[in-house]
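Subject: Structure handover and notes

Dear colleague,

I am passing on the structure below, together with some notes on what was found in it. Please keep it open beside this message as you read.

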Amino acid sequence: MDPAHLPGQNKKHLTRWLLLACIAAMPARAAEAPPPPPDDTQFAAWVRAMKSEPLGPFQGVRWFCADGTIQPPREYACREHGGGRQSGQRDVRAETMRAAGIPLANVLSELTPEAALADDARLLKAALVEQFLVAIDDGWILRRARYVRGVFQAEDEAAAARGILLELARDPRVAEARYPLLREAVRLLPRPIASGSFTEVRALADELGRRDADFIDLRNLIHSRPAADQAQRVREHARRHAQDELRQGFETLARAIDAAFAHATLAAQLERSAAALGDSGLQALAARYHGSVDAQQQLETLTNILARIRDAMPGYTAARRLRAMELSLAAEDAAFAVARQPAGPGADSRRARLRALLPMVDGLYGSGLLTQRERRELRQALRTLTEAQAVSVGGYRDALAVLGRAPGWAMRRLSFHFQPMLRSFARVEPRAEDYIADRLHASLMLGYGERLEPLIADGDRLAGVQHELFGQPVSGGLRALNPGVARGPLRTLAEARDTGAELPIVLAAETTAELPAVAGILTESAGNALSHVQMLARNLGLPNVVVATQHLAALRRQLGTRIVLVASPGGTVRIAADGPDWEPWFPKAAQRPARIEVDTTRLDLELRRPVALAELRAADAGRIVGPKAAHLGELAARYPDQVSPALAIPFGVYRSLLDRTAPDGQQSMFDWLQLQHRLIAEIDDPAQRAAALRAFLQTARDWFAQVEFPAGLVDRLRTDAEALFGADGGYGVYVRSDTNLEDLPAFSGAGLNRTVPNVVGFDAVLDAIRNVWASPFTERAYSWRQLAMDRPEQVYVSVLLHKTVASEKSGVMVTADPDSGDPGTIFVSANEGAGGAVDGQSAESLRVRLVDGRVDLVASATEPTRRITLREGGLRDVPASGDDFLLTQAEMNQLMRLARDIPRNSPELRDAAGGPAPADVEFAFAGGRLYLLQMRPFLQGARAQRHVLLRALDASLVAARDNAVALDEPP
């Protein structure tokens, strides 16, 4: 049929029909896959592009009207829409990143105070981090957009900032836990730029350094060691080297440095603000500062002002809190400058140098970097030394070690408020991770560290301790947590996760709960001494060293090379390039821990029914169940009101599963495990062996995830669980792995296998049991375990169902000092919520002397979140309080009573030599009542204590410990 001869309408329909018919006759083409969703790599590329684009993260300038409409940028656009505001409108890239948890391109004028402070002030913290990046990176993603008219309205931004600050200042917590947050918000949110701001100085130096390569060295000096004479050096550089168009910028920087180190105008500001605040004590301090000429007196007065403002904060109204905070920031800048000046005559002795630290401690407290409790701890250590007639080398170094905790405490305090948001921004901008270091470097902590480091070096010299970093002696910044010796390739945490032929030494920000098997650990943060990973490292004798910021660059340059890490029990650290000279210290037979052979004659694999806690005792560990259930049975018998009900599924049930057909359908699972392990061991190529191992472990996990329960077990388990926990599956239980390869003298196995928390519903419990059975076959658990044994089929898994305790606080206690072994001192780590301390959280860590209850604060609880127990099952992270004190005195008394009682009533706790061992107890508090969750012997690897090299390094320390220190002589 010819469409040309048809009437118009019919011709139209026929033409459409022919077109569709032709399309239908075409060969089918595979549908194009949708583009993958953007990931962090794409986000980072977008951020780089935004830095150079005229509008950065915005698609244009718009009016946002009160009725919800968005109007183009014309005058009075919102007049008929109830009024409104003008600002940049974020583009699709910025909105996509915000939806993915990276809240950049913040416009304060669009935020209500309630929105800014919701969800633990999430958007306020995002705005502060972004303000930091804008300051240090020449505008960051606003590099060009900040010059576009209308993108930001200064008046609107300042007014919104004021509203947010007032609302934050009304929070009673800003006098304590939220004090650092308010201080950072006042410092960073839009306001008239304070002359002499060190943030301004650093930002100007950064910008000029990028534009003038010859200025880099002086720029670095200004960042690392700012001083008043650098203004003149900047002017000299501009005169000799700078291009004409840069000279004005250098003069601006020089004037900013001059202003930063000038105090003439501060006295008047102090007096005016003190009068406006109506604080007579502050007025007296302001008057004293006005008349002071001596640098040390100025520093003492300024730091007293800082501390006074913080102490007075609860009595101020919101508006006065903001004015006081402005004054506090000005006083800190002035104190920073004074602290940079050389010490006066007569300040050379050890005692004088220690006394000079006292005002700085007060200033760090007033700056929000230390809590009142931490301040008291540091002042007590200083009084111990400055008021002593005589002190030994050991006592001198012990007190200096307490003083050396301050930088870590300050870092953790800022991390409590900002680390989650910094991690979000670091996904697209690595410089976000510099925020905390930058803040500390521009604070009194810089001067504190400069004054303390020579004293620490002096203590080390008196004790004969000398740290080394790649052949260079260093006086501080290396702190041994666990003693040991190790050699291997230095890798980042991400690189260390790949299973390889040789265990690496890992360089990580902190000791994470998911740390893979390693030979040694280098971290930027001490973390929590009683976390599962730290306990595992201590048990295996793996060296763990905390590295201060000043040494990180040297270490990062060695990533990928082989190094040696040595940490002695006395604290001496050696980090060196590996080479032939180290061979004598690493005999082949000592490369790995002694192998563990499972005593299969003790195993009773015939018991294949659930076992109630009342039936279990310590002797059943490694026989029918693992040590968790066995020791919990002992605890339940001795402390029945402090142990919630529990039910164990013994080894025999797991062994019956291994008689089932393996994934290959040809043999039993037991025989298949043996065969796979043997085949993998025979592969010579490390990459092929790693790939085969991953495939084997995945197949094993998949098999356990769908395995059928033995006949009759489900019904018996349901009946016993309802009788013990309650009917209808409405209870919550922790489903915990409990293997025969845990809490052994040569291998702790702490935290390697799966615990499924607060499982609600019987079917969910069954699924969790399967997950626990599979958990020994995760790559992490398998690699750590293979350090100690060769035969994976000899690992038997029992499962402990332990009724949930809705923990308000939880943690770990060791009934002896982990470092000295002193049974008269206990060590406690705890956090808010469930699972405290064991997963490596930043916990409250305390040494407690049993004879009088004296508490030595090692670290405050600064984990940003706490885990709460949900009625419907599982846990949820919510913001933690950040309170100065976590455990109350009544709770500490309960722990001390338990610590005194355990050695008398727990003879089953034994070390490798058969002698009594301290207890490692996991506990929880609910309603002020102590609950016991687990007990094991606290065991440390003996290799580090016996190693000839480590004993040699500590020989001088042992000999010098009781020598007297002349406090009134120069160091």
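Rings of Phe, Tyr and Trp (for Trp, its six-membered ring) count as a pair if their centres lie within 6.5 Å, and a pair is called stacked when the planes are under 30 degrees apart, edge-to-face when they are over 60 degrees apart, and tilted for the rest. Please bear in mind that this is a predicted model, in which local features need pLDDT of at least 70 and side-chain atom pairs count only at pLDDT 80 or more, while totals for chains, interfaces and linings use all residues. Residues are numbered from 1 along each chain as its sequence is written, and side-chain values use heavy atoms, with hydrogens and water left out.

Aromatic rings

Searching the whole structure gives 14 aromatic pairs. One of them is formed by Y654 and F704, which are stacked with 5.5 Å from centre to centre and 5° between the planes. Y654 belongs to helix α26 (residues 651-658) and F704 to helix α28 (residues 686-706), so this pair ties together parts that lie 50 residues apart in sequence. Helices here are DSSP runs of H or I with at least four residues, strands are runs of E with at least two, and both are numbered from the N terminus.

The rings of F696 and F777 have their centres 6.4 Å apart and their planes at 90°, so that pair is edge-to-face. F696 lies in helix α28, whereas F777 lies in the loop between α30 (762-774) and α31 (779-785), so the pair ties together parts that are 81 residues apart in sequence. F696 is buried at a relative accessible area of 2%, and F777 is buried at 1%, where buried means under 20%, exposed over 50% and partly exposed in between, with a 1.4 Å probe and protein chains only. Y654 and F704 are buried as well. Ring pairs link Y654, W672, F696, W703, F704 and F777 into a cluster.

The disulfide

The whole structure holds one disulfide, a term for a pair of cysteine sulfur atoms within 2.5 Å. The disulfide joins C65 to C78, with 2.0 Å from S to S. C65 lies in strand β1 (residues 58-65) and C78 in the loop between β2 (70-71) and β3 (84-90), so the two tie together parts that are 13 residues apart in sequence. The torsion about the S-S bond of C65 and C78 is about -80°, so the disulfide is left-handed. Both C65 and C78 are buried.
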